[in-house]
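Trainee: Please take one part of this model and go through it closely. I would like its surroundings and its packing described in one connected answer.

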Amino acid sequence: IEPLSNEERNVFIRKQFSEDNQQKAELIINKLSKDSNIQYSQLLKTPLLVVLCILNFKYNPELPPKKSEFYSRIFDALFQEHDWQNKTGFERERKCNITKEDYIHILNTFSWITHFESIYYFSKNMIEDVFGQILAKDVYFKRKQIDKSSLFYDFTVSINMLIPDGFYYTFPHKSFQEYYTANFIVKKDEKTRLRIYKEFINKILRGDDALITQPLLSMLYEMDYKLFLKEFIRPLLVNIREYCLHRGNVYNYQEIQVQKLLSVINEMFYGNDADESIRNL
């Protein structure tokens with residue numbers, strides 16, 4: 001339950017390699033200790049995420065500067081080689097005859113639906129019900145004759161993106177769900193994205209913003225930079241400025257909301273070094 005410290009994380013990394021391969025472990029540890037990769041030190045707080053990070057290094061010796069690219073690479077690694085530590089080279093068969101992009105599309109939609117219904121732990125029936133909704137709305141999947149049970153098997157066994165946790169399933173980390181939710185949004189046309197960003201702003205103004213999380217917004221900032229900056233960040237800052245000028249006479253802000261919003265926006269621009277950011281904003 002306690003998040004891994006950096007020291008514990010490094011001990012754990014070394015244990016994933018044999019004595020003959022400790023050079024690889026030290027290479028990963030050195031990469032994670034670089035200032036340019038500080039965001040990974042904040043992310044890699046569970047053994048499972050550390051293992052996924054090691055899996056990333058199997059295919060690419062560098063960590064990407066953007067977290068969104070890291071999540072994308074993790075899916076690629078899981079999709080390409082499921083049992084990469086298995087000396088027999090055993091691969092779990094995928095039951096659905098669809099492409100990697102098809103799996104990602106389903107995962108995006110599944111994440112969008114469940115995130116905005118505040119569902120983070122899923123029963124088998126619940127997963128299959130949502131998959132059934134997604135498949136029923138898509139002529140392409142109907143033509144492919146994809147069934148929800150096969151999809152459940154692929155995501156929980158073959159690809160291992162939904163993992164068992166007691167009697168339920170969950171993502172390796174909640175931020176994966178937020179990444180795929182953001183991915184769902186950025187795949188939409190510009191008109192739809194504008195409508196979504198406007199609704200996000202309205203929810204924030206109403207104080208109904210519990211599900212508009214900082215990780216989700218940060219992903220959108222990375223993945224849809226120009227439109228997100230113009231249609232979400234800028235209008236929000238304008239609203240905050242109006243509040244500060246009129247002290248709430250025009251907009252229904254509470255002072256705590258302004259502090260929270262500035263903190264969230266700050267982290268997008270400046271990372272976790274918040275010393276100067278609020279004054280700059």
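Mentor: In helix 7, the buried residues are Met 126, Ile 127, Glu 128, Val 130, Phe 131, Ile 134 and Leu 135; buried means under 20% relative accessible area, with a 1.4 Å probe and protein chains only. Helices here are DSSP runs of H or I with at least four residues, strands are runs of E with at least two, and both are numbered from the N terminus. The model is predicted, so local features need pLDDT of at least 70 and side-chain atom pairs count only at pLDDT 80 or more, while totals for chains, interfaces and linings use all residues. Residues are numbered from 1 along each chain as its sequence is written, and side-chain values use heavy atoms, leaving out hydrogens and water.

The cover over the buried residues of helix 7 includes helix 6 (100-115), helix 8 (139-144), helix 9 and strand 2 (168-170). Helix 7 (residues 124-136) packs against helix 9 (residues 148-158) at about 120 degrees, with the axes 9 Å apart; axes are lines fitted to C-alpha atoms, for helices over the stretch in contact, and angles run from 0 to 180 degrees between N-to-C directions.

In contact terms (heavy atoms within 4.5 Å), Lys 124, Ile 127, Glu 128, Asp 129, Phe 131, Gly 132 and Leu 135 of helix 7 meet Lys 148, Ser 149, Leu 151, Phe 152 and Phe 155 of helix 9. Helix 6 also packs with helix 9, at about 95 degrees and with axes 12 Å apart, which makes helix 6 roughly perpendicular to helix 9. There, Tyr 103, Ile 106 and Leu 107 of helix 6 meet Leu 151, Asp 154 and Phe 155 of helix 9.

Terms used. Buried < 20%, exposed > 50% of the residue type's maximum accessible area, 1.4 Å probe, protein only. Parallel < 35°, antiparallel > 145°, perpendicular 65-115°, else oblique.
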